[in-house]
Amino acid sequence: MKLGIYEDAGTATCAGYPGSLGHEAQDARLFASWGVDYLKYDNCNNAGQTSQQQYIARYTAMRDALAATGRPIVFSICEWGSSSPWTWGANVGNLWRTTGDISASFSSMLSIYRRNVTLAQYAGPGAWNDPDMLEVGRGMSTEEDRTEFSLWAEMAAPLLAGNNLVTASATTLSILGNKAVIAVDHDALGKQGGRSAPPAGCTC
């Protein structure tokens, strides 16, 4: 297990706790001193800084602060796809959210899949499209959970469990621990799968 933490590129987090805007170096040093391995960096209360240039500047400030600590920390950009982060995220972070927040419903999952699957050309080793955390074990059916896990793996997405692992059922743990599916996600080439349509005239 790795240690992750949540912070925000604004004056406050989405829940109203202090954000890191203007305090990036101080916060990055603190995270490194705690042994943090992963930072999810959200976008609430961003002081009206909503142009693409401003997004890039805010997230780059934390990227540089993390680098200055000398500790390797995976940097997860979370601005909900607002400024097409797939076009600039690879120079700033390791993954970037491509959509708004997912919820534990099949329709929400499919909507996010349909958006993320079109962005395959922007993903590669060390730089990933992030369609948000997995909803496996959070209320969908077993078949729907398996579908999401498979789709996320085919899209080379970060496989972030969004459920309570302590209370997870054996079925949920079997889905999340499916080594064959995980191997697809972890393919060494780091290529994201795309969606293809059947040839014209195909009845299959």
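Tutor: Let's start with a term. A pocket is an open set of grid points with protein on both sides within 12 Å along at least five of seven lines. Keep in mind that we're looking at a predicted model.

Student: How many residues line the largest pocket, and which lie nearest its centre?

Tutor: A residue belongs to the lining if one of its atoms is within 4 Å of a pocket point. Here 32 residues line the largest pocket, and Y38, P158, L159, L160 and A161 lie nearest its centre.

Student: Which elements each supply at least two residues of that lining?

Tutor: There are strands and a helix to look for: β1 (4–8), β2 (38–42), β3 (74–77), β4 (95–97) and β5 (128–130), along with α6 (179–185).

Student: And how do the lining residues divide into nonpolar, polar and charged?

Tutor: You'll find 20 nonpolar residues in the lining, plus five polar and seven charged ones.

Student: Let's step back. How many helices and strands does the protein have?

Tutor: Six helices and five strands.

Student: What share of the residues counts as buried?

Tutor: Buried means under 20% relative accessible area. That applies to 43% of the 204 residues. As for the accessible surface, it comes to about 10400 Å², with 54% belonging to carbon and sulfur atoms.

Student: Which residues of helix α3 are buried?

Tutor: Within α3 (residues 106–116), look for S108, M109, L110, I112, Y113 and N116. The buried residues of α3 pack against β5 and α4 (142–154).

Student: Where is A25, and why is A25 called partly exposed?

Tutor: A25 sits in helix α1 (residues 24–33). A25 has a relative accessible area of 38%, so it is partly exposed. Now find A68: although 43 residues separate A25 and A68 along the chain, their C-alpha atoms are 8.1 Å apart.

Student: What part of the contacts comes from residues 24 or more positions apart?

Tutor: Among contacts with a separation of 6 or more, such residues account for 63%.

Definitions and conventions: Residues are numbered from 1 along each chain as its sequence is written. This is a predicted model: local features need pLDDT of at least 70, side-chain atom pairs count only at pLDDT 80 or more; totals for chains, interfaces and linings use all residues. Side-chain values use heavy atoms; hydrogens and water are left out. On a 1 Å grid over the protein atoms alone, a cavity is a set of points where a 1.4 Å probe fits but cannot get out, and a pocket is an open set with protein on both sides within 12 Å along at least five of seven lines; lining residues have an atom within 4 Å of a point. Helices (H or I, at least four residues) and strands (E, at least two) are DSSP runs, numbered from the N terminus. Ala, Val, Leu, Ile, Met, Phe, Trp, Tyr, Cys and Pro count as nonpolar, Asp, Glu, Lys and Arg as charged, and the others, Gly among them, as polar. Buried means under 20% relative accessible area, exposed over 50%, partly exposed in between (1.4 Å probe, protein chains only). Contact means heavy atoms within 4.5 Å. Accessible areas come from the Shrake-Rupley method with a 1.4 Å probe; for residues, only the protein chains shown count as cover.
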